[in-house]
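Please examine the sequence and the three-dimensional structure shown here before reading further.

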Amino acid sequence: MADGTRIRFPTRPLAMPDGGTRPVRSLLNTRGPMRFGDFRWNEDGVPIGTTWIRVDLSKQLISVFRGEHEIGTAIVLYGTDGKPTPTGTFPILARATHHRSSLYDAEMPYMLRLTRDGVAIHASAVRAGAATHGCIGVPQAFARHLYASVRRGDPVSILPAA
């Protein structure tokens, strides 16, 4: 699951939550629909560039880009109607390999904090029927790759669920 071949194409615009777009030149080939817990990660041949993240809640999908190339993708969990995941673009405010939520007394490995009130991307048991308290849950092995690839201030854009 960690490797995916790359599909290259002429630059295409990718929709962002503010109505704008970002250019993309390659995506990872998932070879069919992904399932809960699946992910792909492949940085081979991708030039140095700015890392940015796009989360599409309607597709339950996270995509990690370096410049104009996708280097990682995974199925995610997100918040319920009672505690929804916020949408918009957020800088990564803080990072921690080992974090425990003081609100929910829950482990949040490879935590990337997005909001001051605790919404984060973190490792989670990604499975059908599960949800979070507003966070974005990703498979643990994917979370390790993601954590190693991003820095404070990198942007995370979250599109709404349909």
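A residue is called buried when its relative accessible area is under 20%, exposed when that area is over 50%, and partly exposed in between, as computed with a 1.4 Å probe on protein chains only. By this rule R31 is exposed, because its relative accessible area is 62%. The model is a predicted one, in which local features need pLDDT of at least 70 and side-chain atom pairs count only at pLDDT 80 or more, while totals for chains, interfaces and linings use all residues. Residues are numbered from 1 along each chain as its sequence is written, and side-chain values use heavy atoms, with hydrogens and water left out.

The interior may be considered first. In soluble globular proteins, nonpolar side chains tend to be buried together. A nonpolar core is here a set of buried Ala, Val, Leu, Ile, Met, Phe, Trp, Tyr and Cys residues joined through side-chain atoms within 4.5 Å. The largest such core has 27 residues, of which I53, I62, I121, F142 and L146 touch the most other members. Two or more residues each are given to this core by strand 3 (39–41), strand 4 (51–56), strand 5 (61–66), strand 6 (69–75), strand 10 (120–123), strand 11 (136–138), helix 1 (140–149) and strand 12 (155–159). These elements are DSSP runs numbered from the N terminus: helices are H or I runs of at least four residues, and strands are E runs of at least two. Helix 1 supplies the largest share of the core, namely four residues. A second, separate core has six residues, including F9, L14, W52 and F65.

Which residues is I121 in contact with, if its neighbours within four places in sequence are left aside? They are I53, I62, Y110, M111, L112, L114, I136, V138, L146 and V156, where contact means heavy atoms within 4.5 Å.

An α-helix has 3.6 residues a turn, so residues three or four places apart point the same way.

Aromatic rings form a further set of links. Rings of Phe, Tyr and Trp (its six-membered ring) pair if their centres lie within 6.5 Å; planes under 30 degrees apart count as stacked, over 60 as edge-to-face and the rest as tilted. The count by this rule is four aromatic pairs. In one of them, F39 and F142 have ring centres 5.9 Å apart and planes at 65°, so this pair is edge-to-face. Since F39 lies in strand 3 and F142 in helix 1, the pair ties together parts that are 103 residues apart in sequence. F39 is buried, with a relative accessible area of 6%, and F142 is buried at 0%. The rings of Y110 and Y147 are also edge-to-face, because their centres are 5.8 Å apart and their planes stand at 65°. Y110 lies in the loop between strand 8 (94–96) and strand 9 (111–113) and Y147 in helix 1, so this pair ties together parts that are 37 residues apart in sequence. Both Y110 and Y147 are buried.

F39 and F142 also belong, with W41, to one aromatic cluster. W41 lies in strand 3 and counts as buried at 4% relative accessibility. Its side chain is joined to that of E43 by a polar contact of 2.9 Å. A polar contact is a pair of N or O atoms within 3.5 Å; within protein, one must be able to donate a hydrogen and the other to accept it, and residues adjacent in sequence count only if both atoms are side-chain atoms. N42, in the loop between strand 3 and strand 4, has a side chain that reaches the backbone nitrogen of D44 at 2.8 Å.

The remaining loops show two features of the backbone. Most residues other than glycine have a negative phi, and most peptide bonds are trans. R31, in the loop between strand 2 (21–28) and strand 3, has a positive phi near 50°. Y110 likewise has a positive phi, near 55°. R35 is found in the loop between strand 2 and strand 3, and R35 counts as exposed at 63% relative accessibility. The C-alpha atoms of R35 and R127 are separated by 8.6 Å, although these residues are 92 residues apart along the chain.
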